[in-house]
Amino acid sequence: MLASQLLLHAAVLGLTILQALASNTFTAAVYEHAVILPDATTKPVSPKEALALMNKNMDVLEGAVKEAALQGAQIIVTPEDGIYGWRFTRETIYPYLEDIPDPAVNWIPCTDPTRFAPAPLQERLSCMARRNSIYVAANIGDKKLCNSSDPSCPSDGRYQYNTNVVFDPEGKLVARYHKYNLFMSETQFNNPKEPEAVTFDTPFGKFGIITCFDILFHDPAVVLVSKLQVDTVLFPTAWMNVLPFLTAIEFHSAWAMGMGVNLLAANTHYTNLSMTGSGIYAPDGARAYYYNMKTENGHLLVAELDSQPRLSAASLPDVKWSSHALSVEKLSFNDHDFGGLIFHDNFTFTEITKPEGNLSICQKDLCCHLSYKMAGKREDEIYVLGAFDGLHVVEGQYYLQICTLLKCKSTDLNTCGEPVETAQTKFEMFSLSGTFGTNYVFPEALYSGVQLAPGEFEVLNDGRLISKTRPTKPVITVTLFGRWYEKD
């Protein structure tokens with residue numbers, strides 16, 4: 001009897017230890033979906049036709065959810081526009097929308113589908129989560145009636161929102177987020193009156209959720225991380241890549257590192273609009289990522305993450321981003337300074353003419369400092385050090401401070417800043433820093449072929465972004481991308 005009691009106690013203790021260990025990590029999945037698009041039309045289709053199109057996409061997503069669950073994933077994120085695509089006016093998207101209630105109503109659509117207005121999308125997503133015992137995050141459209149007593153009520157009497165929903169493993173609606181920072185082409189949707197900071201708790205950490213363009217703004221992205229202290233951010237997106245800084249995989253991995261959180265980024269896959277690039281990112285770099293401009297296939301990523309990344313030894317130290325650059329006593333200014341455009345922003349560049357050395361370039365209050373040694377100076381490739389300190393005003397207005405080492409498209413300096421995907425030059429070492437006025441700086445390194453460099457560079461607490469491998473792989477760009485939110 002005593003022996004059996006000891007065995008039972010040992011088994012219970014072992015299970016408790018395993019559960020405790022399991023709570024320190026979790027398995028996440030993201031699915032990059034090659035969305036099936038509706039036909040372009042100026043007239044609304046019937047609700048039946050709209051649902052038929054959405055069910056085609058849901059069939060694909062359901063397969064991804066099942067596969068993720070089989071691989072042990074506890075949560076999966078699917079893309080923005082992943083269920084109905086785009087090509088909509090305000091009128092033509094209406095048949096695709098559902099009325100999504102506040103999660104406080106404690107609703108499981110899978111088991112109680114008629115409690116609210118017809119909601120076949122929410123019912124099916126709920127059942128996906130429930131049948132596979134997994135959290136499911138998806139992007140759909142919400143509609144809310146309003147009346148003339150509301151001065152901001154649209155003339156058609158309804159609000160329409162780009163909306164993320166999350167269902168827990170029982171199928172219960174646990175989160176609803178209305179996208180606040182709409183991209184300039186999203187005229188079919190309304191902004192909510194105030195930014196929403198949506199969080200939900202799980203056995204493996206505190207989660208927040210935002211959508212695509214939101215990631216570039218203080219509200220709600222920074223609020224979730226800095227004020228509400230979420231551990232992981234869910235990020236459905238339809239991201240159109242813009243080299244050299246705003247390619248999905250490089251910026252999203254840099255944002256996770258700079259903010260010190262996990263980021264689950266699920267992108268729409270549509271190469272005609274340069275949409276690709278999904279990843280499972282931790283503060284120490286990408287745990288898994290996907291970038292493919294050659295085929296039109298979807299792709300599932302699954303990886304393990306720390307539940308509380310701020311407690312991880314791999315998280316960034318408390319970085320004083322301008323410390324090193326301000327301490328440089330004598331900056332070696334170059335007489336090869338010139339101007340150039342990157343994504344419509346006027347950069348100041350200086351050409352790198354020697355195989356090794358120290359360079360600085362300044363614009364307004366930002367001075368960027370580079371120490372470097374090339375593995376071999378090539379005559380057919382030109383690199384520059386660049387600085388930008390100003391307000392970006394193209395698809396939205398936001399204040400940037402950027403220091404960058406980047407390859408020019410050709411040996412013609414007029415091409416510096418144009419998109420480049422390949423390079424041959426390797427570096428024995430690089431160290432990049434800047435006199436940033438903001439604490440929100442995101443470190444990027446992008447290699448030839450639009451490849452990330454997880455574990456191959458690090459950020460020191462004095463603000464230097466340095467290489468760890470000797471030599472590096474061929475470099476497209478090394479960048480410190482600063483967002484000075486207070487100046488927007």
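Q: Is Cys212 buried or exposed?
A: A residue counts as buried when its relative accessible area is under 20%. In this predicted model, Cys212 has 9% relative accessibility and therefore counts as buried.

Q: Where is Cys212 placed among the helices and strands?
A: Cys212 lies in the loop that runs between strand S7 (205–209) and helix H4 (218–227).

Q: Which residues does Cys212 touch, not counting residues up to four places away in sequence?
A: Cys212 touches Glu80 and Lys179, and also Phe235, Pro236, Thr237, Ala238 and Trp239.

Q: Which residues does the UniProt annotation "active site" cover?
A: According to the unreviewed UniProt entry, the "active site" annotation covers Glu80, Lys179 and Cys212. These residues span 133 residues in sequence, but no two of their C-alpha atoms are more than 10.4 Å apart, so they gather at one spot. Glu80, Lys179 and Cys212 also belong to the lining of the largest pocket.

Q: Is Glu80 buried or exposed?
A: The same cut-off of under 20% applies. Glu80 has 2% relative accessibility, so Glu80 counts as buried. Its place is in the loop between strand S2 (75–77) and helix H3 (120–132).

Q: What is Glu80 in contact with, leaving aside its neighbours within four places in sequence?
A: The contacts of Glu80 include Lys179 and Cys212 from the annotated set. Among the others are Asn139, Asn162, Glu186, Thr211, Pro236, Thr237, Ala238, Ala266 and Thr268.

Q: With which side chain does the side chain of Glu80 make a polar contact?
A: The partner is the side chain of Asn162, at 2.8 Å.

Technical notes
Residues are numbered from 1 along each chain as its sequence is written. This is a predicted model: local features need pLDDT of at least 70, side-chain atom pairs count only at pLDDT 80 or more; totals for chains, interfaces and linings use all residues. Side-chain values use heavy atoms; hydrogens and water are left out. UniProt positions are given in the numbering used here, feature names are shortened, and annotations may be inferred rather than shown by experiment. On a 1 Å grid over the protein atoms alone, a cavity is a set of points where a 1.4 Å probe fits but cannot get out, and a pocket is an open set with protein on both sides within 12 Å along at least five of seven lines; lining residues have an atom within 4 Å of a point. Helices (H or I, at least four residues) and strands (E, at least two) are DSSP runs, numbered from the N terminus. Buried means under 20% relative accessible area, exposed over 50%, partly exposed in between (1.4 Å probe, protein chains only). Contact means heavy atoms within 4.5 Å. A polar contact is a pair of N or O atoms within 3.5 Å; within protein, one must be able to donate a hydrogen and the other to accept it, and residues adjacent in sequence count only if both atoms are side-chain atoms.
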